Amino acid sequence: MTTANTNAIERYRNNFLKEVEANVEEGHMVKMCMQCGVCAGSCPLGPHWTHSPQKIFMMIRAGKRDEVLGSDSMFMCTSCYNCMVRCPRQLPITHIMHGLANYAHRLGLAPKGQPTRDFATLFWNNAIKKGRVNELMLTLRHYFRGGLVSGIKEALGMQSVGLGLFMAKRLNPMEIFGGHGVKDLKGFHAIVAKAKEIEDRKKGFTA
Amino acid sequence: MNAPATPVTPKYAAYICSGCGIGDAMKVGQLENIAKKEGKMALVKSHPFLCNAEGVQTIRDDIANEQVTHVCIAACSRRAKTEAFQFDGVAMSRANLREGVLWVVAAGKEHDEVRQEMAADYVRMGCAEVKKMKQPSGNVKESSSKRILIVGGGMSGMTAALEIAEAGYEAVLVEKTGALGGMAAQLWKRQPFKMPYAAAQDTGVAEMVAKIGATPLITVHLNSTIADTSGAPGRFVIQVAQESGAVSEVTVGAIVQASGFTTYDIAKLPELGGGQPNVVDQAGLEALARQANGGAIKRADGKEIKSVVFVQCAGQRDTTGTHLSYCSGHCCGTSIKQATYFKDQNPDIDTVVMYQDLRVPGMGEDFYRSAQERGVIFTKGTASKVTGGDSCAVTFKDLILDEENTIPADLVVLATGQVPNAGVDLEAWNPVVTAAEGGDEAAKAQRDVMRTTSVLKLNYRQGPDVPQFKHGFADSHFICFPYETRRTGIYAAGPVRRPMDILQATDDATGAALKAIQAVENAALGRAAHPRSGDLSFPTARLEGCTQCKRCTVECPFGAIDEDEKRFPKFNEERCRRCGTCMGACPVRVISFENYSVDTVGSQVKAVEVPEEDEEKPRILVLACENDAYPALDMAGMARMNYSAFVRVIPVRCLGSVNTIWITDALNGGYDGVMMMGCKKGDEYQCHFVKGSELAHYRMSKIGDTLKQMGLEPERVVTQEVAITDNARVVKLINDYVAELDKLGPSPMKGFG
């Protein structure tokens with residue numbers, strides 16, 4: 001990860017905008033922002049994150065690489081698409097935000113302990129293991145992310161929901177022993193590996 | 001000096017229309033009697049549909065067979081059916097029975113009496129007015145010049161010259177420098193003005209210069225300035241002085257002033273690096289780009305430029321009063337254009353445009369986007385400090401990220417604004433002249449120096465240039481007639497009038513060229529230019545009554561009146577707009593038009609029958625400006641809004657033409673109040689004649705003493721500003737005023753009149 005970061009810094013020197021254009025989904029549209037602020041005003045989560053899309057785009061153009069890639073903003077996006085619908089310059093803002101989140105994550109610069117990011121990681125690792133989401137394990141790992149005591153507390157708090165799901169046969173306790181997977185697990189892993197290889201190549205993560 | 005008398009014995013006729021419901025709501029027979037007995041009309045007819053072919057023919061026949069010379073038409077508003085009721089060679093008045101009575105007086109039998117009285121008064125007024133009117137004879141000029149002078153050979157001036165020549169008129173182009181092209185010729189390229197608005201285009205100056213050279217109708221004087229301008233539209237005499245000192249004289253009919261702009265002095269912006277090496281203004285960058293001739297743009301020291309920052313609004317939109325307070329409009333587009341010079345030559349050059357608000361009028365948004373696509377960085381920020389030298393730096397406040405920042409660059413371009421070449425500011429000129437005429441030697445010297453900075457060197461008593469409007473730009477009637485200055489026949493075009501880019505300047509010059517053509521044609525026929533276009537009447541003064549008070553010469557908004565050797569007013573009819581401000585100003589009432597005079601209105605004021613006090617029917621005189629207030633009143637009628645039947649409305653050419661005698665006459669005659677309705681005054685004026693409304697307000701503010709002498713309350717005379725869209729408001733103003741006067745009680749002057 002750090003190597004990728006160093007490589008990127010090396011390759012684009014001071015031109016963070018060029019780096020974003022080359023590596024971030026829809027990044028080539030960042031330069032078209034006209035700083036009207038409609039996205040910032042439209043975002044329902046506006047008050048809850050550090051930088052609005054408008055600021056993120058301005059920071060990219062100002063070359064503030066560390067601040068942008070270390071921002072929690074991209075992870076706070078709920079994909080409501082309000083900004084994208086309203087943007088007078090038709091920037092695919094939601095896509096760019098996701099693209100930036102992905103890029104920051106892969107470079108290892110995304111903020112540590114950011115709940116959305118952690119949960120997304122958890123979800124991905126869980127789903128990739130057997131090709132199917134093991135809901136019991138996903139839930140448990142999420143509850144116990146902060147240690148044993150807080151995990152037990154959080155789980156107890158949700159016990160009525162858990163029991164309800166169990167009674168309705170929506171939750172199988174046996175899944176704790178590994179759970180079920182797709183038929184051709186080997187083939188599935190090969191597909192994911194290939195996809196990653198392609199993406200890495202496209203986004204410049206392979207040397 | 002008096003206007004020629006109507007050659008034949010006058011014969012007066014009145015025609016009363018009973019159509020549009022007038023006949024149902026009013027007793028037309030009684031109105032006929034009034035026209036005959038009180039109005040002393042020789043011929044009175046009524047017709048059920050006066051504006052149809054048969055009705056109009058009746059009038060035409062009477063003019064032809066009965067030798068009718070004066071016609072009073074009592075029908076609809078003077079603003080309606082103007083084509084039907086147009087009779088050449090006769091004087092005509094219109095009594096407004098439809099919009100002025102039928103449609104505004106509440107319906108129903110209980111209002112029959114006041115409605116009839118109102119209609120009767122309007123018939124009396126129409127008859128009284130027409131008897132005082134003369135048909136304007138006009139004043140055709142045999143030797144009127146239709147040549148047009150253009151001062152300034154830049155983009156605006158060249159465009160005007162070509163447009164004038166294309167329309168078949170002679171143009172004389174005077175240019176101060178040794179070559180045509182002006183500022184545009186200093187540019188490498190101009191902003192795109194054709195689809196797809198994505199790349200800078202050739203200026204086209206060379207083609208225009210060649211075309212001018214090949215046009216026989218255009219005479220060009222290079223290295224020349226105007227040494228003197230005297231006369232009036234149709235007969236301006238211009239002394240063209242060459243740099244060598246040789247002077248030639250040329251007679252022209254109208255003038256287009258396209259004297260352009262100079263760039264704001266960069267040296268006045270030391271905090272933004274003005275004067276330091278590698279800090280240039282936009283014109284400076286154009287010079288570098290022309291030097292590069294399409295190759296890599298290099299600094300003055302020969303170093304190739306790899307990064308450049310454009311600082312917008314440098315010395316513009318300044319709120320501290322130190323620099324230009326306005327936005328020059330073109331500079332955002334110009335900086336975008338200049339950034340593309342770099343990007344098109346080498347996309348790796350860093351170009352930053354630092355703006356506060358990017359303003360790209362016209363199709364500029366497309367160009368802006370195309371620059372963004374090229375990778376030009378747009379940063380919203382305010383530059384606080386620029387250091388020049390080998391490696392420049394711009395310190396600025398980022399307005400989006402709310403932080404101080406610094407960008408290094410090889411070159412910094414300051415987008416300074418346009419400063420108009422408008423010549424002498426008359427507001428500074430006039431006190432100097434007054435002092436000089438008082439014998440002050442220093443003032444005399446100062447006056448002579450000031451005169452050398454004049455563009456037109458007008459030989460007018462009002463000063464050597466056109467008045468300046470805002471921020472030193474040449475005069476323009478911004479709301480209605482943008483090309484018009486307050487000097488008839490002189491049209492300002494291009495950036496001397498307001499800040500603008502090349503495309504706007506060429507449009508502007510085309511408009512001014514066409515206005516100049518109108519002016520020379522009108523002058524030749526002795527007709528008014530705008531806004532009373534085609535008016536053949538002109539003011540004359542009965543000089544034996546003149547006291548030489550100079551009010552007319554001073555107050556004429558258009559500088560039409562000079563003083564002759566004996567210090568009497570000398571009317572330059574071709575400069576006159578026929579507003580009547582001189583007539584309103586004259587304390588001895590010696591100024592009049594053939595068809596509009598102290599008498600035409602005064603006789604109407606006196607023709608109204610003012611009821612006795614015990615009848616409890618007040619009379620309120622409304623003097624309404626015919627440009628805005630009168631149409632608004634008409635429209636109130638069209639919308640069937642009701643106002644009091646106690647008012648009597650007289651349209652006036654401009655509130656400036658209101659002579660206080662009308663007001664004192666009305667109040668002496670027992671009217672309960674006088675309301676004047678004119679246009680908006682002040683900096684955001686809407687007065688067609690610029691100063692008329694303002695002067696009227698000023699004059700009325702002084703009427704208190706007169707009222708006091710008469711033992712009347714100041715509320716008896718009010719002045720209102722209305723716009724043409726105020727149809728609902730005029731109704732409220734009238735009704736509120738009637739209610740206010742009701743509280744005040746009847747005028748104590750009743751019965752003495």
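Visitor: Where do α6(B) and α7(B) come together, and how do they cross?
Guide: In this predicted model, the axes of helix α6 (residues 155-166) of chain B and α7(B) come within 10 Å and cross at roughly 40 degrees. That angle makes α6(B) oblique to α7(B).

Visitor: Which hand does the crossing have, left or right?
Guide: The crossing of α6(B) with α7(B) is left-handed.

Visitor: Which residues meet there?
Guide: From α6(B), Met158(B), Ala161(B) and Leu162(B) take part, and they meet Met208(B), Lys211(B) and Ile212(B) of α7(B). Sorted by class, this contact of α6(B) with α7(B) has 5 nonpolar residues, no polar ones and 1 charged.

Visitor: Why would residues three or four places apart turn up together in a helix?
Guide: An α-helix has 3.6 residues a turn, so residues three or four places apart point the same way.

Visitor: Another pair, then. How do α8(B) and α9(B) sit, parallel or antiparallel?
Guide: Helix α8 (residues 282-292) of chain B and helix α9 (residues 331-345) of chain B have axes that come within 11 Å and cross at roughly 25 degrees. An angle under 35 degrees counts as roughly parallel, so α8(B) and α9(B) are roughly parallel to each other. Their crossing is left-handed.

Visitor: What does each helix bring to that contact?
Guide: α8(B) brings Gln282(B), Leu285(B) and Ala289(B), while α9(B) brings Cys331(B), Thr334(B), Ser335(B), Gln338(B) and Tyr341(B). The residues of the contact of α8(B) with α9(B) split into 4 nonpolar and 4 polar, with no charged ones.

Visitor: Changing topic: what is chain A made of?
Guide: Chain A has 13 helices and 0 strands. Its C-alpha trace spans about 55 × 40 × 30 Å along the principal axes.

Visitor: How much of chain A is buried?
Guide: Of the 207 residues in chain A, 25% are buried.

Visitor: And what share of its contacts joins residues 24 or more positions apart?
Guide: Taking the contacts in chain A with a separation of 6 or more, 62% are between residues 24 or more positions apart.

Visitor: Pick one helix of chain A. What span should α8(A) have?
Guide: Helix α8 (residues 93-107) of chain A has 15 residues, and at 1.5 Å a residue it should span 21 Å. Its end C-alpha atoms are 21 Å apart, which agrees.

Visitor: Which of its residues are buried?
Guide: In α8(A) the buried residues are Ile93(A), Thr94(A), Ile96(A), Met97(A), Gly99(A), Leu100(A), Ala101(A), Tyr103(A), Ala104(A) and Leu107(A).

Visitor: What comes just after α8(A)?
Guide: Gly108(A), which takes a positive phi of about 80 degrees.

Visitor: Which residue has a positive phi although it is not a glycine?
Guide: Gln35(A) does, with a phi of about 60 degrees. Gln35(A) is in the loop between α2 (16-23) and α3 (38-42) of chain A. With 19 other C-beta atoms within 10 Å, Gln35(A) is partly exposed.

Visitor: What about Cys20(B), buried or exposed?
Guide: Cys20(B) is buried, because 20 other C-beta atoms lie within 10 Å and 20 or more is the cut-off. Cys20(B) also has a positive phi, near 60 degrees, in a residue other than glycine. The loop between β1 (12-17) and α1 (22-25) of chain B holds Cys20(B).

Visitor: Last one: how many residues are in contact between chain B and chain A?
Guide: 10 residues of chain B are in contact with 9 residues of chain A. On the side of chain B, α10 (364-374) and β16 (377-387) are the elements that give two or more residues. β16(B) gives the largest share, 3 residues. By class, that side of chain B has 3 nonpolar, 4 polar and 3 charged residues.

Terms used:
Residues numbered from 1 in each chain as written. Chains lettered and ligands numbered in written order. Predicted model: local features only at pLDDT ≥ 70, side-chain atom pairs only at ≥ 80, totals over all residues. Helix = DSSP H or I, 4+ residues; strand = E, 2+ residues; numbered from the N terminus. Expected span 1.5 Å × (residues − 1). Buried ≥ 20, exposed ≤ 12 C-beta atoms within 10 Å, placed from the backbone. Axes fitted to C-alpha atoms, helices over the stretch in contact; angles between N-to-C directions. Parallel < 35°, antiparallel > 145°, perpendicular 65-115°, else oblique. Left-handed = near helix turned anticlockwise from the far one by under 90°. Contact = placed C-beta atoms within 7 Å. Nonpolar A, V, L, I, M, F, W, Y, C, P; charged D, E, K, R; others polar.
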